[in-house]
Amino acid sequence: MIDELLRRIAEFHRSRPAVPEYPMVTEVLDALDTARSPTLLEPRGLPVLRHLDAVKLSGDPAIDDVLDEFLSLAPALPWIQTAGYRGVLSQEFHDNYGYVQLVGPKSIVEHRSVRVGIAVWGPNLHYPSHHHEAEELYHVLAGEPCFGTDGVRRTAKPGDAVHHAPWQPHQQDFGAAPTVLLYCWTGAVVADAALVGAD
Ligand SMILES: [Fe+2]
């Protein structure tokens, strides 16, 4: 059911000029190329889905191929939120974010050392500083999120890559349009992200 989406994500990674900078992509591509989707998925919706109608295509075919497929599948997918954020981050935050973990531990396609997913945040949301043991590579698919890492703030646009080393704290301020991020984790991927200072 998500085989075509996984194939388009792999194509997207292969289309990026920045790929050689991030050796982790090789492991991600191995996982994507060998992943096989279950035939049936149980949908689980979240309030953040109401923002999907406002997601803008980028004009970059490699991005838009992923976005098109993701947006058409979205209502049928199992949307989740980070369990450790419940009761910690605000109700407003929870009403405006969610993600679909395509590959990873306890995900649509089981994998022990790679996570791949797509996450959505509504307009003008602030995601406080958080970290995780896994190495991370984000690609912006839609929106203009501002990433804050090591005291440096940088606004990213569709197609931009943002890399985080293990345990490197990062925070985001999302722009006026909904943000869609493709994320990949490698290494210690079992543990979820945690807010800095909360673990
Ligand atoms: Fe992260």
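**Entry 1. Iron site**

I looked up the protein donors of the iron ion and found His-132 (NE2), Glu-136 (OE), Glu-136 (OE) and His-170 (NE2), lying 2.2 to 2.5 Å from it. The model is a predicted one, in which local features need pLDDT of at least 70 and side-chain atom pairs count only at pLDDT 80 or more, while totals for chains, interfaces and linings use all residues. I number residues from 1 along each chain as its sequence is written, and I take side-chain values over heavy atoms, with hydrogens and water left out.

As donors I took N, O and S atoms within 2.8 Å of the metal (3.2 Å for Na, K and Ca); water is not among the atoms, so the site may look incomplete. Along the chain the donors of the iron ion follow the spacing H-x3-E-x33-H. His-132 sits in the loop between E4 and E5 and His-170 in strand E9 (residues 170–173), 38 residues apart, so this pair links distant parts of the chain. For helices (H or I, at least four residues) and strands (E, at least two) I used DSSP runs, numbered from the N terminus.

I then checked the angles. The four donor atoms around the iron ion subtend 55 to 143 degrees, which makes the arrangement irregular. The test I applied counts four donors as tetrahedral if all angles lie between 85 and 135 degrees; four count as square planar and six as octahedral if opposite donors are over 155 degrees apart and all others between 65 and 115; anything else is irregular. Ideal angles for four tetrahedral donors are 109.5 degrees.

Are His-132 and His-170 buried or exposed? Both are buried; the classes are buried under 20% relative accessible area, exposed over 50% and partly exposed in between (1.4 Å probe, protein chains only).

**Entry 2. Whole chain**

I counted four helices and 11 strands in the protein chain. The radius of gyration is 15 Å, close to the 16 Å that the globule rule gives for 199 residues, so the chain is as compact as a globular protein of that length. This radius is taken over C-alpha atoms, and the rule is 2.2 Å times the number of residues to the power 0.38. Along the principal axes, the C-alpha atoms fill a box of roughly 40 × 35 × 35 Å. Buried residues make up 53% of the 199 residues.

**Entry 3. Cavity**

I searched on a 1 Å grid over the protein atoms alone: a cavity is a set of points where a 1.4 Å probe fits but cannot get out, a pocket is an open set with protein on both sides within 12 Å along at least five of seven lines, and lining residues have an atom within 4 Å of a point. Points are joined across faces, edges and corners, and a volume is the space filled by probe spheres set on the points.

How many cavities of 30 Å³ or more are there? The count comes to one. The largest cavity holds about 190 Å³ of space. Its lining has 17 residues, with Thr-82, Tyr-99, Tyr-127, Tyr-138 and Trp-185 nearest the centre. Strands E1 (97–104), E3 (114–121), E4 (126–131), E5 (135–142) and E10 (179–186) each supply at least two residues of this lining.

By class I get nine nonpolar, five polar and three charged residues in the cavity lining. Ala, Val, Leu, Ile, Met, Phe, Trp, Tyr, Cys and Pro count as nonpolar, Asp, Glu, Lys and Arg as charged, and the others, Gly among them, as polar.

The largest pocket has about 300 Å³ of space. I listed 15 lining residues for the largest pocket, and the closest to its centre are Ile-80, Gln-101, Pro-105, Lys-106 and Ser-107. E1 gives the largest share of this lining, three residues. The pocket lining divides into eight nonpolar, three polar and four charged residues.

**Entry 4. Single residues**

Which residues other than glycine did I note with a positive phi? Asp-150 has phi near 55 degrees, and Trp-167 has about 70 degrees. Asp-150 lies in the loop between strand E6 (146–149) and strand E7 (152–155) and is exposed, at 59% relative accessible area. Trp-167 lies in the loop between strand E8 (161–164) and E9; at 44% it counts as partly exposed.

I also looked up Val-180 in strand E10, which is buried at 0% relative accessible area. Val-180 and Pro-128 are 52 residues apart in sequence and 17 Å apart in space, C-alpha to C-alpha.
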